Amino acid sequence: MSHDLIVVGGGPAGLTAAVYGARAGLSTLVIERALPGGHAATTHYIENYPGFPEGITGVELAERMKQQVLRFGVDIVGSEVKSISQKKKSVVVKTDSREFLALGLIIAIGTNWKRLNVPGEDELRGRGVSYCATCDGPLFKKRDVAVIGCGNSGIQEGKFLLQFVNRITFVEFLPRVTADKMIYDRIKDEERAQFLLSHECISINGTERVESVTVRDRKTKRQKEIAVDGVFIYVGLEANSDFLKGLIDLDERGFIHVNERMETSAPGIFAAGDICAKAIRQVVTACAEGATAAISAYHYIESMKQPFDLK
């Protein structure tokens, strides 16, 4: 199937790019392997996105973005991209079931939650190990849980968990909480929250389900085991870009190098959102980059339509 523009990824960056592409008159396709919305859809509450003075849930914001995309006639395909290549004027996108062609491509695949890589993490994933409090929090009513990581995601999702769980033990590798002060202030005096700073989780323990975590004090090297029924991990993000190696320039961590027009090193291929090599990863910046990428892609595609031939 042929389109003017293909957007790989249906998070805020990809959905914004699709809106701009469709409104510019480009036949536009979004390919998303999961549900539209990306990490934003798994965030309980978003207070810093413009236009919502009372805040909005991540699920609702993602759904509104999706409906806006559909309103402009964009097709959304649920599939996982396996490879991307270039053939003359076209970009070839192969999924697990189909092949698509386009003159322009925007990569907005976002990131994955970074793993701890400790014993028990893989074995107990889905059986007490989670990376999404919004998804799994209600399963831990009246239970004790651990949250690994005290950045914005860890603290904010921990605050959400408190409406279900009995007690939370926060484990932070650094000697300080790195979340924004406003977010941390809402939970720091909560009696049901315990903070272990300068500690690291070295194993997640259990047979059929999570039963405890073992943590180590980074100063004294002493270890202790904490009984918990769940572990929620928020220790950063990592790129899922192995399939892009050799196609475009990536940094040492696998994030995509782009210029101010969101152009990658390959003509006709653009990138936007959290997959880009940059310092700030927020919903609002992802949307801005999606818009920029779509406008740049539009100018590129128009220059290539002489005539529009994908063969």
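**Rings and strands, question by question**

Author: This is a predicted model. In it, V213 has I226 in strand β14 as its bridge partner.

Reader: What makes β13 and β14 count as paired strands?

Author: Five bridges join β13 (residues 212-217) to β14, and the two run antiparallel. Pairing takes at least two bridges, so five will do.

Reader: Why are β12 and β14 called edge strands?

Author: The open sheet has the order β12-β13-β14. β12 (199-205) and β14 (223-227) each pair on one side only. From one strand to the next, the twist averages 30 degrees.

Reader: On to the rings. Why is the pair of F160 and F164 called edge-to-face?

Author: Their centres are 5.4 Å apart, and pairing needs them within 6.5 Å. F160 and F164 are both buried.

Reader: What does the pair of Y184 and F195 tie together?

Author: Y184 lies in helix α5 (residues 181-185) and F195 in strand β11 (residues 193-197), so this pair links parts eleven residues apart in sequence. The pair is edge-to-face too, with 85 degrees between the planes.

Reader: Why is Y184 called partly exposed?

Author: Its relative accessible area is 24%. Buried means under 20% and exposed over 50%, so 24% falls in between.

Reader: Where does the charged end of R218 sit?

Author: Over the ring of F173, 3.6 Å from its centre.

Note on methods: Residues numbered from 1 in each chain as written. Predicted model: local features only at pLDDT ≥ 70, side-chain atom pairs only at ≥ 80, totals over all residues. Heavy atoms only, no water. Phe/Tyr/Trp six-rings, centres within 6.5 Å; stacked < 30°, edge-to-face > 60°. Buried < 20%, exposed > 50% of the residue type's maximum accessible area, 1.4 Å probe, protein only. Helix = DSSP H or I, 4+ residues; strand = E, 2+ residues; numbered from the N terminus. Lys NZ or Arg CZ within 6 Å of the ring centre and 35° of its normal. Axes fitted to C-alpha atoms, helices over the stretch in contact; angles between N-to-C directions.
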